[in-house]
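Thanks for coming. I will go through one structure, part by part, and give the cut-offs as the terms come up.

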Protein chains: 2
Amino acid sequence: MTREATGTLLSCRSGIKVIDATLRDGGLVNDFRFSDDFVRALFAANAAAGVDYMELGYKADKDLFDESKFGKWKFCREADIIDVLGNNETEMKLACMADVGRCNFRRDICEKGSSPLDMYRVATYINTIPAAIEMLEYCDKLGYETTVNVMAISKETEKETDLALEMLGHSPAKAIYIVDSYGALYPEEMRVLAAKYMEVGDKYGKQIGIHAHNNQNLAFANTIECVAAGVNYLDATVNGMGRGAGNCALELLLGFLKNPKYKLVHILRFLEEGHMQKLRDGGAVWGYDLPYLLTGIFNRHPSSAIRYIKEKRADIIDFMNELLDQE
Amino acid sequence: MTREATGTLLSCRSGIKVIDATLRDGGLVNDFRFSDDFVRALFAANAAAGVDYMELGYKADKDLFDESKFGKWKFCREADIIDVLGNNETEMKLACMADVGRCNFRRDICEKGSSPLDMYRVATYINTIPAAIEMLEYCDKLGYETTVNVMAISKETEKETDLALEMLGHSPAKAIYIVDSYGALYPEEMRVLAAKYMEVGDKYGKQIGIHAHNNQNLAFANTIECVAAGVNYLDATVNGMGRGAGNCALELLLGFLKNPKYKLVHILRFLEEGHMQKLRDGGAVWGYDLPYLLTGIFNRHPSSAIRYIKEKRADIIDFMNELLDQE
């Protein structure tokens with residue numbers, strides 16, 4: 001693959017794709033209970049803003065998740081998507097995440113021709129790569145674009161990462177994602193990782209993606225560092241909505257990107273209309289806070305920090321000691 | 001000057017100095033009305049955390065600022081400092097900022113021997129460098145350490161910056177600061193600027209400092225990028241308290257630095273005790289928000305964004321148009 005020049009702070013490169021993951025990662029905050037109006041308004045805002053892909057949620061297995069306990073975007077049924085959004089007549093493509101081990105893909109994923117979805121994003125830990133490849137191949141054969149998101153990469157050794165990337169190089173995935181699930185990586189580590197992924201990407205003709213978390217307030221910084229390294233698939237969410245400390249904010253990212261196809265004003269309008277504030281008023285809590293800083297520093301899953309916030313605890317030093325006790 | 005190796009993510013370098021600017025930059029949020037208890041608790045926390053310098057406020061000219069309208073830390077009188085903090089018997093040094101044109105230094109700055117202050121930080125715009133040098137020389141002769149903070153550097157041309165740095169190379173300032181007053185710089189720009197400053201620092205035996213603002217949520221990221229480039233003087237404030245979008249958060253910075261002399265737990269305890277929350281409850285507002293993102297993107301002084309927040313406006317698109325009209 002001939003790599004497109006990475007560009008400068010003034011130029012832009014056409015290969016960049018922005019993926020809005022608000023419904024999917026944000027759904028982890030509110031159990032996917034977004035109103036139809038919210039989803040329609042976000043869809044319209046994203047399409048107008050030039051967002052390339054909108055991720056609608058998960059294709060979760062109803063045998064594993066009680067449907068009465070989640071909103072419809074946890075399952076992303078074709079009928080529900082069409083019911084809310086109609087047939088997608090915009091330039092923007094629609095994506096859905098499928099977790100290895102939590103998706104009955106042979107039963108629930110239909111042929112591309114019968115679905116408004118364009119892309120499946122297969123999320124995997126490093127120890128389930130063969131299962132991920134099986135899913136990627138399945139979705140690819142059905143006619144979908146695919147990407148693969150290797151989660152919690154800050155926990156993996158260099159050797160394991162190298163092996164995983166080699167295996168994924170032979171998969172049909174269009175893009176391989178760096179996923180900093182724990183928000184543990186500093187920009188200088190991110191640059192090293194991005195260079196490694198880009199090397200594999202160049203070798204196998206894959207794009208590289210970045211999905212960053214904001215535990216140390218670095219999600220945006222890490223994302224734009226990846227852009228400078230040649231990473232083209234960029235995940236973001238409105239107001240950074242996402243599990244725990246959340247993600248790279250879409251408004252920050254569109255403010256940075258120089259391609260005139262991206263129009264920040266439409267995301268600003270969506271914010272001005274108060275859609276995100278309504279979610280917060282309804283009890284959804286996300287964003288950088290002290291306990292996330294600590295799980296980020298210690299390279300841990302954010303679950304304990306999410307619990308700390310939920311329980312409205314204010315004993316941050318006890319929390320730090322608990323984290324250290326878990327070693 | 002032989003430059004100390006910049007270190008790796010696992011090592012540390014002894015030349016690094018952390019400056020807590022909570023009272024000084026944070027004072028711009030609440031007109032310096034910090035209670036004596038707050039100041040004592042912060043002083044104790046900083047000293048225990050291994051912070052190298054604590055900046056107490058400004059040495060402002062009472063002929064220019066009505067004393068009844070500000071707390072005492074706007075003026076940093078020696079008697080007030082000693083009244084609240086006693087004689088400083090910690091390892092931590094005390095600093096004070098003096099603005100060019102807003103400080104009657106010949107009248108108000110006394111000999112080092114009669115003051116608990118150790119360092120003056122002279123803040124200047126690029127067009128008042130000769131006046132800044134006069135103040136630096138004055139403070140130096142009185143026995144103080146000095147640094148110089150060249151503000152709003154994102155607005156200056158490369159040629160002006162080069163000229164300013166050459167002039168300051170001949171001043172007695174121990175450190176020359178990169179000050180991103182508008183929070184407009186991206187990490188890749190910051191790296192270029194840091195390299196330029198470091199070159200002058202190496203030539204004239206000066207340290208380089210970084211004072212970042214958080215308009216684009218990049219204050220911490222830009223600060224640690226500067227660390228990687230060899231910048232040693234690092235400004236931060238607790239909870240990022242500072243004008244507008246605020247600064248690099250001290251808790252993020254201490255969580256990153258690897259020198260065991262820095263002990264994050266003491267800042268966490270200060271936060272746990274609720275001192276910062278009390279300021280917020282009392283009406284102090286700071287931190288990243290949409291209007292700051294826009295002044296950051298457009299490289300503008302944050303004053304209009306501060307006004308927007310103060311007036312509790314919610315018409316962000318009108319605000320963006322106002323910014324564009326100002327060109």
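**Strands in chain B**

In chain B, β3(B) pairs with strand β4 (residues 119-124) in the parallel sense, over five bridges. Pairing here requires that DSSP finds at least two bridges between two strands. Helices (H or I, at least four residues) and strands (E, at least two) are DSSP runs, numbered from the N terminus. Across this pair, B:A95 has B:M119 in β4(B) as its bridge partner.

Before going on, the ground rules: this is a predicted model, where local features need pLDDT of at least 70 and side-chain atom pairs count only at pLDDT 80 or more, while totals for chains, interfaces and linings use all residues. Residues are numbered from 1 along each chain as its sequence is written, chains are lettered from A and ligands numbered from 1 in the order in which they are written, and side-chain values use heavy atoms, with hydrogens and water left out.

Back to chain B. Strand β2 (residues 53-58) also pairs with β3(B), in the parallel sense over four bridges. There B:Y53 stands opposite B:K93 of β3(B). Between β2(B) and β3(B) the chain passes through helix α3 (residues 78-85), and this β-α-β crossover is right-handed. Right-handed means that, with the strands pointing away from the viewer, the path from the first strand over the helix to the second runs clockwise.

How many of the seven residues of β3(B) are buried? Six of them are, so the strand (residues 93-99) counts as mostly covered. Buried means under 20% relative accessible area, exposed over 50%, and partly exposed in between, with a 1.4 Å probe and protein chains only.

**The barrel in chain A**

In chain A, eight strands form a closed barrel in the order β1-β2-β3-β4-β5-β6-β7-β8, with parallel pairing. Neighbouring strands are turned by 25 degrees against each other on average, direction ignored. Axes are lines fitted to C-alpha atoms, for helices over the stretch in contact, and angles run from 0 to 180 degrees between N-to-C directions. One pair is β4 (residues 119-124) and β5 (residues 145-150) of chain A, joined by six bridges. In that pair, A:A123 has A:N149 as its partner in β5(A).

Helix α1 (residues 22-30) of chain A packs on the sheet, touching β1, β2, β3, β4, β7 and β8 of chain A, and its direction makes about 35 degrees with that of β2(A). Contact means heavy atoms within 4.5 Å.

**Two copies**

How do the chains relate? Chain A can be laid on chain B with an RMSD of 0.0 Å by a turn of 180 degrees and a shift of 0.0 Å along the axis. That is the relation of a two-fold axis. The superposition is by least squares on the C-alpha atoms of residues with pLDDT of at least 70 in both copies. In chain A, the residue that comes closest to the rotation axis is A:A221, with its C-alpha at 3.1 Å. The copies meet through the same surface, because 100% of the interface residues of chain A are also interface residues in chain B.

Helix α12 (residues 290-297) of chain B has seven of its eight residues buried, among them B:L290, B:Y292 and B:L294. Its buried residues pack against α9 and α10 of chain A, together with α13 and α14 of chain B. Just after α12(B), B:N299 takes a positive phi of about 60 degrees.

**Cysteines**

The whole structure has zero disulfides, a disulfide being a pair of cysteine sulfur atoms within 2.5 Å. The sulfur of A:C248 is 10 Å from the closest cysteine sulfur, in A:C226, too far for a bond.
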